[in-house]
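Take a look at the sequence and the structure below.

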Amino acid sequence: MAVKERKLTIARAMAEGIAQEMRTDESVFVMGEDVGPLGGVFGNTRGLYDEFGAERVRDTPISETAFMGAAVGAASDGMRPIVELMFVDFFGVCFDAIYNNMAKNAYFSGGNVKVPVVLMTSTGGGYSDGGQHSQCVYGTFAHLPGMKVVVPSNAYDAKGMMIAAIRDDNPVIFMYHKSLQGMGWLGTEKGATVHVPEEEYVVEFGKASTAKEGSDVTIVSLGVGVHHALKAAKTLEQDGISAEVIDLRTLVPLDRDYIFASVKKTGRLVVVDEDYHSYGVSGEVMASVVERDISILKAAPKRIAYPDIPIPFSPIMEQWALPNVEKIVEACLAFDYHQEQAALI
Amino acid sequence: MKPSLEQKVWMYEHMLVSRYYEQAIEKIYLEGKSPVFNMAKGTIPGEMHLSNGQEPCAVGVCAHLHDYDIITATHRPHHQAIAKGVDLKRMTAEIFGKKSGLSGGRGGHMHLFDPAVNFSCSGIIGQGMGPAVGAALSRKLQNKPGVAISYIGDAASNQGAFHESLNLAAVWKLPVVFVVEDNAWGISVAKETSMSVTHNAVRAQSYGIPGVFVPGNDPVAIFEAAGEAITRARNGEGPSLLDLETYRLAGHFMGDGEDYRPAGEKAALAEKDPILVFEQTLLNEKVITPDENEQMKKAALSRVEEAVEFARSSDYAPAEEAMDFVFV
Ligand SMILES: Cc1ncc(C[n+]2csc(CCOP(=O)(O)OP(=O)(O)O)c2C)c(N)n1
């Protein structure tokens with residue numbers, strides 16, 4: 001008998017994962033701005049307040065330094081806080097608690113103090129929210145040792161990664177992209193709303209996945225970029241080019257072997273990242289290939305990232321600056337697919 | 001210090017401009033956003049925080065200010081910008097994202113900069129406060145005239161920046177006035193669940209600076225309290241904090257369902273609409289005649305219409321210009 005698949009948005013998948021863990025583990029609680037009765041401005045704590053009440057689903061004052069620090073303190077004392085930073089752009093007001101405490105205390109204590117915080121935060125633009133509400137800053141968070149950093153591209157991964165994050169004894173930064181949340185007002189990417197099993201399950205960190213197999217070029221991305229890459233791959237198929245799309249899923253730990261294996265197969269690499277171009281994810285992914293064996297490349301790798309500018313408000317400017325399907329297609333078409341030998345040796 | 005008749009009229013006129021402005025923006029914002037409300041779409045994409053109801057906080061303070069005085073404003077900045085004399089046409093073009101906007105469309109509604117009248121704002125809660133302190137320090141060090149005003153919302157007073165800025169301004173005795181627009185809400189979170197004291201005026205006192213609570217959302221009462229604070233600052237007597245009771249007549253942002261509001265709150269607030277109240281006062285006191293009132297409304301409306309027309313008929317800057325001005 002055919003069972004109708006249950007599809008959830010990322011927001012609902014996150015909330016479901018949190019709820020299931022809260023039911024089985026008394027030490028899990030949620031805090032942040034508007035996470036209570038409102039259910040989070042991006043919907044990922046909907047229903048939690050009604051089920052678990054104000055003690056375990058706490059609206060905080062706009063005091064990020066204090067509640068981020070409090071998450072560290074509570075986690076070190078046996079709790080498992082899930083704390084929301086509403087927009088990742090707001091990290092500046094509380095970064096010390098994250099960068100110097102949350103991320104380092106386990107190390108400073110020789111592993112004796114565990115800091116199992118889940119810091120969930122929204123990323124990304126595309127809807128003209130201006131330069132303080134549209135950034136991705138993946139690289140900023142991934143750069144510092146001591147925090148795991150994960151970025152789901154679909155609801156299945158989001159639930160499994162949320163549960164994994166809650167159970168992890170380390171701080172995990174869970175970065176969700178606004179345009180994947182399934183909030184109508186953000187013009188949601190449909191591909192992120194997928195089948196999500198009812199039971200609890202874990203998506204292991206450090207494992208990238210193949211969103212689409214291919215043989216001519218590897219497109220590596222994360223979050224919403226995966227959906228752009230999949231659309232680009234469809235277009236490229238019409239030109240007879242077979243693109244493989246790799247979804248990084250976790251930035252820390254980074255699945256370097258997996259990326260390498262795919263590029264070894266295709267010989268060509270394009271990285272798509274909505275974070276700023278320089279010093280970020282795209283450079284790291286390319287480095288992880290070329291520092292291992294540059295000879296597997298048939299051509300110089302390319303990256304499509306956000307230019308090194310603050311995000312402009314004007315829709316014309318912002319859309320121009322964002323990675324998109326056309327840019328990916330163009331980058332992939334620019335390779336010479338008839339050249340069989342490695343070009344770089 | 002009581003407002004003169006001219007000052008009362010000035011305040012009323014600017015409240016009218018502000019209200020008509022927000023009503024126009026509200027309507028334009030919805031253009032192209034139906035049948036499904038989608039923030040990315042329409043003439044004005046992105047978030048939109050309207051200031052309907054909070055006009056008295058803008059005019060009561062700004063009636064005392066010159067172009068050379070400094071304002072650092074918030075994510076809800078339109079009424080403050082209008083009262084400070086920010087170029088309304090270029091501000092509107094900015095909100096539309098057009099080339100003729102204050103920054104050519106790079107900043108948008110939460111990042112308006114008009115150096116001609118020393119106005120700026122920021123969408124990061126509490127982060128206008130340090131810059132206001134710094135501007136005040138700069139005026140003091142350079143022996144130049146001017147006070148700095150930092151506007152924040154009540155919920156922003158729970159930020160570290162609030163406490164550090166009050167302390168720094170107090171110990172350095174700087175010409176800065178912190179203005180809290182207390183509309184009792186931080187998005188969906190009520191003030192009483194975020195603060196253990198009722199008024200931010202109390203917090204100011206704990207930093208050794210005057211903190212004055214002004215109830216009633218009344219432009220005249222705000223004018224009087226602001227007059228004292230600003231005079232103190234100009235006389236080198238140091239900072240103060242104005243804690244102004246006000247009302248947010250709309251949602252936190254456009255698209256806010258406002259389910260968190262207790263039943264009837266909105267309707268009750270609408271009855272206390274400060275513009276209607278002030279209008280009645282001015283008519284009763286015969287500060288203005290009904291005819292003058294109509295004239296003022298017309299004039300305010302046409303200022304708004306002109307600004308909107310200017311923005312509509314302006315072009316977008318070419319996309320590649322996004323690369324300009326990262327460095328100057
Ligand atoms: C540092 C920071 N944290 C959170 C936010 C998200 N946010 C924007 S407005 C707002 C509520 C602000 O309330 P208040 O200061 O009282 O001003 P109001 O909106 O009531 O005018 C919040 C939480 C932000 N912009 N910056």
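How many salt bridges are there between chain B and chain A? The count is 0. Bear in mind that this is a predicted model.

Polar contacts give another count. Between chain B and chain A, 13 residue pairs are in polar contact, both residues at pLDDT 80 or more. On the side of chain B that touches chain A, helix 4 (residues 88–96) of chain B supplies the largest share, 3 residues. By class, that side of chain B holds 20 nonpolar, 16 polar and 5 charged residues.

Now the extent of the interface. Chain B brings 41 residues to the contact, and chain A brings 37 residues. Interface size is often stated as the accessible area lost when the parts come together. Here chain B and chain A bury about 3,100 Å² between them. Carbon and sulfur atoms account for 68% of that area.

Next, go inside chain B. Helix 2 of chain B spans residues 55–62. Of its 8 residues, 8 are buried, so the helix is largely enclosed by the rest of the structure. The buried residues run from B:Glu55 and B:Pro56 through B:Cys57, B:Ala58, B:Val59 and B:Gly60 to B:Val61 and B:Cys62.

Finally, a loop residue. B:Asn183 sits between strand 5 (176–182) and strand 6 (185–186) of chain B. Is B:Asn183 buried or exposed? Its relative accessibility is 9%, so B:Asn183 counts as buried; the cut-off is under 20%. Leaving aside neighbours within four places in sequence, B:Asn183 is in contact with B:Gln54, B:Arg76, B:Asp154, B:Thr246, B:Tyr247 and B:Arg248.

Technical notes: Residues are numbered from 1 along each chain as its sequence is written. Chains are lettered from A and ligands numbered from 1 in the order in which they are written. This is a predicted model: local features need pLDDT of at least 70, side-chain atom pairs count only at pLDDT 80 or more; totals for chains, interfaces and linings use all residues. Side-chain values use heavy atoms; hydrogens and water are left out. Contact means heavy atoms within 4.5 Å. Buried area is the accessible area (1.4 Å probe) that two parts lose on being put together, summed over both. A salt bridge is a side-chain nitrogen of Lys or Arg within 4 Å of a carboxyl oxygen of Asp or Glu. A polar contact is a pair of N or O atoms within 3.5 Å; within protein, one must be able to donate a hydrogen and the other to accept it, and residues adjacent in sequence count only if both atoms are side-chain atoms. Helices (H or I, at least four residues) and strands (E, at least two) are DSSP runs, numbered from the N terminus. Ala, Val, Leu, Ile, Met, Phe, Trp, Tyr, Cys and Pro count as nonpolar, Asp, Glu, Lys and Arg as charged, and the others, Gly among them, as polar. Buried means under 20% relative accessible area, exposed over 50%, partly exposed in between (1.4 Å probe, protein chains only).
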